[in-house]
Structure formats: structure tokens, C-alpha cells
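Hi everyone, thanks for coming. Please take a moment to look at what is on the screen, and then I'll walk you through it.

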Amino acid sequence: MTVDALTDVAGVRVGHATRTGGGWLTGTTVVLAPDGGAVAAVDVRGGGPGTKETDALDPRNLVQKVEAIVLTGGSAYGLDAASGVMAWLEEQGRGVRVGPDPSHVVPVVPAACVFDLGRGGDFRARPDAGTGREAVEAAAASAVGAVVPEGCVGAGTGAAAGALKGGVGTASVVLDSGVTVAALVVVNAVGSVLDPETGVLYGELFQGRVDRPEAGVHEAARLRLAESAARNGVPPLNTTLAVVATDAELSKAQAQKVAGAAHDGIARAVRPVHMLNDGDTVFAMATGVRTLDATSPLALNSVLAAGADVVMRAIVRGVRAAESVESVEGVGVGGVWPAYEELYGAPASG
């Protein structure tokens, strides 16, 4: 049984730590690899990334596997959340062995951040090592194949998609070969996720959606979004983050190709994408449970195509799961971000 989530890749777990109220609107999401780690790679396309330990994922470098990947709010400050994840992993004896004792390990924990500073009202309210520990403990405590909470949770708590509220979304697919490919995305984009002429989400247009909101509904939504953007009055500093996971056996070079192709999914669902004030980053993880067809040099193609597809679907789900936020408390910026389904309603089939 699958749950259409990143956790459909056996052994991969997801945990969120969410901070709201009292000036807070942020959080951290941890993707925890199975015991023994997973092959990982990264592809950064945005012009303003905030990352940690991404050089370790270069196929030319020594490290082969990671124990966890951290997605966090708080801009560069929030990368401190990875320290809490590292501390927890060290306590479990998980990491690269660097000494004679089994406890002598250095966990490799790549991380990337989204910009959400001040969106809850307090510019100084951002994730730290404690937030990271809470998220990884939540991941470790979750059941195998658990449903992953979506919307305004974890790293998606303070996310925005243009003038809309953003959030966390996830999706998966099982290929004809039996290989599972899945994605988790934090939708926090400078660009827009909806077609300005119709109000339909770009990702749904790509999937062939033909029903359109009524003209009056779209016009009311357009006006409200314009009012919210004017009221917020802050420069769009964002970033869309994704983790694409598969149970296929991949080399680091192949995983890097998967991460790169998955950016196509962002480009289908967000326009424009990969701007200088975005930090768009995609990680890829491979648990190595299933082997690809060794007789076909093109066997990876199906994983590449699926990675882009599940990223696109995860973006749609993250936007649809988000809830409106109006933040005026605390000392800082705050703002107003309407949710897509509040403006346009749920899909006709739902």
C-alpha cells in the first residue's frame, strides 16, 4: 500500500518541527535515510542558495552516503538546525566512521534553507539546533510508510509562493519496473504557481486540467492577491527546495542527474524559476534496494522522467494543502498570504 508520499520509498522517514505564534512562522523538515544511509547528490539552480555540506555530495568527492537531509526555514540562520540533527545521529552511532571506536562517527547531513525571516512578525524567530533535533526525532518515531503531513508544517510553515501561501507537498509513483520514485517539496517560490489568465495552477495545466474557475472567482482572487502583495511590501526573497528519493541502486553521478532532471518539475509548476533571488535546490537520495536493468544504458531515463513528474505534483499538493496566514504580531515584518483553495476552492474531483 502506498500513501503518495516520500515515505513510499521503503525506509525513508520524514519529520517536521513547526513554530507558530508569538512572532514565529517557520520550521524544519528532516528526511531521515534508512540505517546505513543513502547515496545522495544535489543540484542547485537558484541564484541565492543557502546550503550546508553540499560539496560533500559532489560525485568526485569521498563521501558516498548521507544519514539525513535537512530542509529548514530561517534563511542562513536556520541552517543551525542541521547541528541538532547531527548531534542526534551521533548519539545513534550513525555517520562516517573516523576512529577506532564505533561511536567515533561524523554524520553527513546536507541542508538547505528557505527565506521566511520575519513572516511571523519577529525577524529573530528562526529554527535552531533544537528545532532540528525535534524534527529528526519526529522522523525516527514515525512508522515505515507513514503519511506525511503537508501544507503549513515544518520548513513550509512560513513558505510563500509568489503572493500565495506556500507549504510542503509530497508525491510518489511506482514505475513498471517496480522502482519507486518520490518527492517532497517546500514551495517557497519568487515566481507564481498559477496562470494569471485563468487562475489554474501551472502544475495542473501541465497535467491536463481543463476546468477553470468562474471569471468572477478569478477576478476576486486576483484583486485579493494584489492587495496582499501591496500590503506585504517586502522584496520577494524565496527558494523552492526538494528531495527526490528512489529505491533504485544509483551511483552518486546518477543521483546527481536525477536531482538535475527534477528541476524540470519545478519549472513546469512555477514561473519564472531559478531567479537570482531564488535558491532553488534539489537533493536526490537512492536507497539501492532495486537494481536498474544492467543491459540497458538508458534504464535511468524512467527515473529521471518520474522525478520531474513527482516534483511537479508535490508542488501542486503543497500549494493546495496550505492555509491562509495573516501575521501582524511581534516585532518585524509579518504579512498576509491567502491560500489557493480559500481563493479558488478544492479541485472539482475532490
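Let me begin with a word we'll need: a residue is called buried when its relative accessible area is under 20%. What share of the 350 residues in the chain is buried? The figure is 56%. Please keep in mind that this is a predicted model.

Now for the overall picture. The chain contains 8 helices and 17 strands. Its radius of gyration is 19 Å, close to the 20 Å that the globule rule gives for 350 residues, so the chain is as compact as a globular protein of that length. If you follow the C-alpha trace along its principal axes, it spans about 65 × 50 × 35 Å. The accessible surface of the chain is about 13,800 Å², and carbon and sulfur atoms supply 53% of that. Here is a number about contacts: counting those with a separation of 6 or more, 78% are between residues 24 or more positions apart.

Let's turn to a sheet. Which order do its strands take? Reading across, we have β5-β3-β15-β14-β13-β12, an open sheet of 6 strands with mixed pairing. At the edges sit β5, residues 65-66, and β12, residues 167-174, and each of them pairs on one side only. Further in, β3 (residues 38-44) and β15 (residues 281-290) run antiparallel to each other, joined over 6 bridges.

Is Val14 buried or exposed? Its relative accessibility is 10%, and the cut-off for buried is under 20%, so Val14 counts as buried. As for Gly73, which is 59 residues from Val14 along the chain, the C-alpha atoms of the two are separated by 16 Å.

Key:
Residues numbered from 1 in each chain as written. Predicted model: local features only at pLDDT ≥ 70, side-chain atom pairs only at ≥ 80, totals over all residues. Heavy atoms only, no water. Pairing = 2+ DSSP bridges. Helix = DSSP H or I, 4+ residues; strand = E, 2+ residues; numbered from the N terminus. Rg over C-alpha atoms; globule rule 2.2 N^0.38 Å. Buried < 20%, exposed > 50% of the residue type's maximum accessible area, 1.4 Å probe, protein only. Contact = heavy atoms within 4.5 Å. Areas by Shrake-Rupley, 256 points an atom, 1.4 Å probe, with all protein chains shown as cover.
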